[in-house]
Amino acid sequence: MTASTIENRDDLIRYLNAAMALEHATIPPYLTAYYSIRSTTNSDAAHIIRVAAVEEMLHLTLVANVLNAIGGEPDLTRPGFVPSYPAYLPDGETDFTVDLRPFSPEAVETFCKIERPGKAPSADARLLQTSDDATPLLVSSPTAEGMRFYSIGEFYEEIIEGLEKVAAGDPTLFRGDPARQMGAEYFYSGGGEVIVVTDLDSAQRALRFIAAQGEGLDSGMYDADGELAHYYRFRQLQLGRYYQVGDHPGAPSGPELSICWDAVYKVKVSARLADYPAGSELAQVARDFNADYGAFLALLTKAFNGQPYLLQEAVCEMFRLRDGFNRLICNPLPGGDGLHAAPTFEIPDAVGSDPQASPGAGETAQAVTP
């Protein structure tokens with residue numbers, strides 16, 4: 001069996017910080033696809049993507065609760081927390097890139113790959129060698145250099161087993177301030193409740209819920225609350241029908257979904273600030289959006305560090321970003337062959353201390369290095 005890559009509390013903190021970066025990294029791709037859909041069209045798809053984005057916020061909150069329970073300090077403003085897109089996410093024995101795309105068959109395929117159930121064929125296969133490619137890898141091991149995980153589910157399984165191992169030798173592991181825990185009174189998504197973490201059992205339940213709601217790895221198509229796992233929700237968009245209880249994974253039998261792939265703003269895939277003419281209004285709007293998104297992450301950081309009442313405001317703020325999205329995606333990109341502009345999510349490193357700070361056009365933020 002593969003040796004554990006988690007030996008102590010510090011290792012757990014590094015893994016949980018990586019988990020927060022991972023859960024967040026799906027939000028910009030989901031939001032880009034969601035806001036690229038033209039108003040009053042593709043209501044089925046818009047609902048599925050929107051709910052998935054909100055539930056990623058739930059996952060972020062659950063990881064923050066586990067991190068706080070062991071005395072860590074969640075920080076969504078640290079340099080590199082937001083990845084540089086495109087970024088790699090492991091999927092079995094092959095890698096694929098996660099891009100910022102408009103709603104399209106390619107975007108949905110990426111979402112399915114992100115969430116696809118992937119149980120390693122054996123415990124020894126949980127960790128794999130990374131490639132030499134310099135593209136950021138979202139779920140590499142933060143303690144075993146050069147190693148990545150077979151899937152997101154296996155990444156979480158490593159943390160769950162690590163919690164048990166460290167707790168067995170450290171009776172004070174769960175030493176965090178209970179006042180930092182997010183309870184159900186602070187966040188409600190309709191897709192599962194926040195789990196307050198106080199001990200090993202509650203910590204493992206929180207992490208298993210994340211894996212089950214995303215991949216459906218152990219619980220099948222539905223999570224413990226009877227909700228479809230994210231993977232199967234996105235599969236509905238590929239298969240053109242809703243699932244009903246009792247359906248085979250590859251054959252939903254419910255009502256048809258109405259999808260129009262053309263009712264979308266064709267934004268540039270993984271746009272960068274360097275794509276916008278220097279000094280142009282679009283470049284300024286893109287910088288302003290990045291500053292606003294950085295302020296959103298700063299608000300979440302405050303919520304996770306002793307001001308839990310700010311969480312609901314942060315969830316609302318995520319969707320107030322619509323104005324910034326619309327100011328970009330509704331405008332053709334000069335010289336872009338008919339493609340439209342889009343947010344770049346290049347968040348300046350200083351944004352945690354100064355949410356209004358932003359890089360100039362052409363500057364880039366660091367990639368995720370959990």
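Ser-270 is placed in the loop between helix 7 and helix 8, where helices (H or I, at least four residues) and strands (E, at least two) are DSSP runs numbered from the N terminus. The model is predicted, and local features need pLDDT of at least 70, side-chain atom pairs count only at pLDDT 80 or more, and totals for chains, interfaces and linings use all residues. Residues are numbered from 1 along each chain as its sequence is written, and side-chain values use heavy atoms, with hydrogens and water left out. The protein chain comprises 10 helices and 4 strands.

**Overall organisation**

- From the N terminus on, the elements of the protein chain follow the order α-α-α-β-β-α-β-β-α-α-α-α-α-α.
- Of the 370 residues in the protein chain, 58% are buried; buried means under 20% relative accessible area, exposed over 50%, and partly exposed in between (1.4 Å probe, protein chains only).
- Among contacts between residues at least 6 apart in sequence, 70% join residues at least 24 apart; contact means heavy atoms within 4.5 Å.

**Backbone geometry**

- Most residues other than glycine have a negative phi, and most peptide bonds are trans.
- Ser-270 has a phi near 50°, a positive value in a residue other than glycine.
- Ser-270 is buried because its relative accessible area is 9%.
- Asp-337 also has a positive phi, of about 55°, although it is not a glycine.
- Asp-337 is placed in the segment after helix 10, and it is exposed, with a relative accessible area of 79%.
- Tyr-85 and Pro-86 are joined by a cis peptide bond with omega of about 5°.
- Pro-86 is in the loop between helix 3 and strand 1 (87–91).

**Helix packing**

- Two packed helices are described by the angle between their axes and the distance between the axes.
- The axes of helix 1 (residues 9–25) and helix 3 (residues 43–69) come within 9 Å and cross at roughly 170°; axes are lines fitted to C-alpha atoms, for helices over the stretch in contact, and angles run from 0 to 180 degrees between N-to-C directions.
- Helix 1 is therefore roughly antiparallel to helix 3; angles under 35 degrees count as roughly parallel, over 145 as roughly antiparallel, 65 to 115 as roughly perpendicular and the rest as oblique.
- On the helix 1 side, the contact is made by Ile-13, Leu-16, Asn-17, Ala-19, Met-20, Glu-23 and His-24, and on the helix 3 side by Glu-56, His-59, Leu-60, Val-63, Ala-64, Val-66 and Leu-67.
- The residues in the contact of helix 1 with helix 3 comprise 9 nonpolar, 3 polar and 2 charged; Ala, Val, Leu, Ile, Met, Phe, Trp, Tyr, Cys and Pro count as nonpolar, Asp, Glu, Lys and Arg as charged, and the others, Gly among them, as polar.
- The axes of helix 4 (residues 105–115) and helix 7 (230–239) come within 9 Å and cross at roughly 155°.
- Helix 4 is thus made roughly antiparallel to helix 7.
- Helix 4 contributes Val-108, Glu-109, Phe-111, Cys-112 and Glu-115 to the contact, and helix 7 contributes His-230, Tyr-231, Phe-234, Arg-235, Leu-237 and Gln-238.
- By class, the contact of helix 4 with helix 7 has 6 nonpolar, 2 polar and 3 charged residues.

**Tyr-265 and Ala-342**

- Tyr-265 lies in the loop between helix 7 and helix 8 (281–304) and is buried, with a relative accessible area of 17%.
- Tyr-265 and Ala-342 are 77 residues apart in sequence, and their C-alpha atoms are 9.6 Å apart in space.
- Not counting residues up to four places away in sequence, Tyr-265 touches Ser-36, Arg-38, Pro-102, Ile-329, Cys-330 and His-340.
- Ala-342 is in the segment after helix 10 (322–329) and counts as buried at 3% relative accessibility.
- With residues up to four places away in sequence not counted, Ala-342 touches Val-267, Lys-268, Ala-271, Tyr-276, Leu-328 and Ile-329.

**Buried helix residues**

- Ser-202 is in helix 6 (residues 200–215) and counts as buried at 2% relative accessibility.
- A polar atom of the Ser-202 side chain lies 2.9 Å from the backbone nitrogen of Thr-198.
- Val-285 lies in helix 8 and counts as buried at 5% relative accessibility.
- Leaving aside neighbours within four places in sequence, Val-285 is in contact with Gly-324, Arg-327 and Leu-328.

Notes
Polar contact = N/O pair within 3.5 Å; in protein donor to acceptor, adjacent residues only side chain to side chain.
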